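Reader: I would like to learn how to read helix packing and pockets in a model. Please take the general idea before the case.

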Amino acid sequence: MPVVVVTIHNALEALDACLASLERTLPAGAKVLLADDASPDPRINPMARGWCYRSALDARYVRRELNMGYPANCNAAFAETGEADVVLLDSDTVVTPGWLQQLARCAAGDPRIATATPWSNNADTCSFPRLGEPNPAPGHPETLAEAAAMSSPAWPDIPAAAGFCMYVRRAALRQLGGFDAATFGIGGGEQDDFSLRAAAMGWRNVLCDTAYVVHQGGASFGALDLPPDGDNLGRLLARWPGYHEQVARFLLDDPLRPHRARLQENLEALQRSGPQRDLFG
């Protein structure tokens, strides 16, 4: 099983919900690293440390002395997790039963997979039910997770991983290095750049179409001590000038349409069967 790395910067209520979902869904002893990028909210430290102390998981908390920005915080976490594969998880996510096992199963299905991203309500190309836009969080995400797990895995390729929940294979990290913190500073574009570097070296970036994770969005990282930087998209496109066209073509062609349709069919079948379906299974 990979190590789960929760990237933290403030967002106390979102973090509390995220950690509670990890406790509900991960097996006892699963490894979790809470990587706090110097949150100025004084409530974060005691809450995160207290959760690690009480948790049945193998959890530890690391707080950066100075705010590093998201890419450098992730790189530090990569170094702190040994030789294991990792899953980067934003603290404004809520995970569902079986999510980590499904991501690990996906990665084990093809050694060329460098990154894997689950379905979510807010995941760009991996969004459900509407592609490429944020959808409202579902009222019953566990049912969506069950519907996703019913599908025969296809693990289709996507242009780049969505960083809210990003499985990263250690072998890819060893070959490619981590995120380019020098170029992307406080964050934005580093996960696309890593995915594109991976694809250029023959790796795959895929949708884990048997997993689902809720993502609030916009609440999970920030930077205090670094200057604001709004040109990361320009830097990304200077390095990968065809990327915009690649994503636009992906959205236009919509190769994930049959996979979303299958998820919708599974969801409707579960809803028709009613809340007592397990009694008659």
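Reader: At roughly what angle do the axes of helix H5 and helix H11 cross?

Author: Two packed helices are described by the angle between their axes and the distance between those axes. This is a predicted model. Here the axes of H5 (residues 141-149) and H11 (residues 257-273) cross at roughly 120° and come within 8 Å. H5 is therefore oblique to H11, and their crossing is right-handed.

Reader: Which residues make the contact?

Author: H5 contributes Thr 143, Leu 144, Glu 146, Ala 147 and Ala 148, while H11 contributes Leu 263, Asn 266, Leu 267 and Leu 270. Sorted by class, the contact of H5 with H11 has 6 nonpolar, 2 polar and 1 charged residues.

Reader: Now the pockets. What is the volume of the largest pocket?

Author: Rolling a probe the size of a water molecule over the atoms shows where empty space is left. For the largest pocket in this model, the volume is about 690 Å³. Its lining consists of 30 residues, and Asp 124, Ala 162, Gly 163, Gln 191 and Asp 192 lie nearest the centre.

Reader: Which helices each supply at least two residues of that lining?

Author: Helices H8 (190-200), H9 (232-239) and H10 (243-253) do. H10 gives the most, with 4 residues.

Reader: How do the lining residues divide into nonpolar, polar and charged?

Author: The lining of the largest pocket has 14 nonpolar, 12 polar and 4 charged residues.

Conventions. Residues numbered from 1 in each chain as written. Predicted model: local features only at pLDDT ≥ 70, side-chain atom pairs only at ≥ 80, totals over all residues. Heavy atoms only, no water. 1 Å grid on protein atoms, 1.4 Å probe; cavity = no way out; pocket = protein on both sides within 12 Å on 5 of 7 lines; lining within 4 Å. Points joined across faces, edges and corners; volume = space filled by probe spheres on them. Nonpolar A, V, L, I, M, F, W, Y, C, P; charged D, E, K, R; others polar. Axes fitted to C-alpha atoms, helices over the stretch in contact; angles between N-to-C directions. Parallel < 35°, antiparallel > 145°, perpendicular 65-115°, else oblique. Left-handed = near helix turned anticlockwise from the far one by under 90°. Contact = heavy atoms within 4.5 Å.
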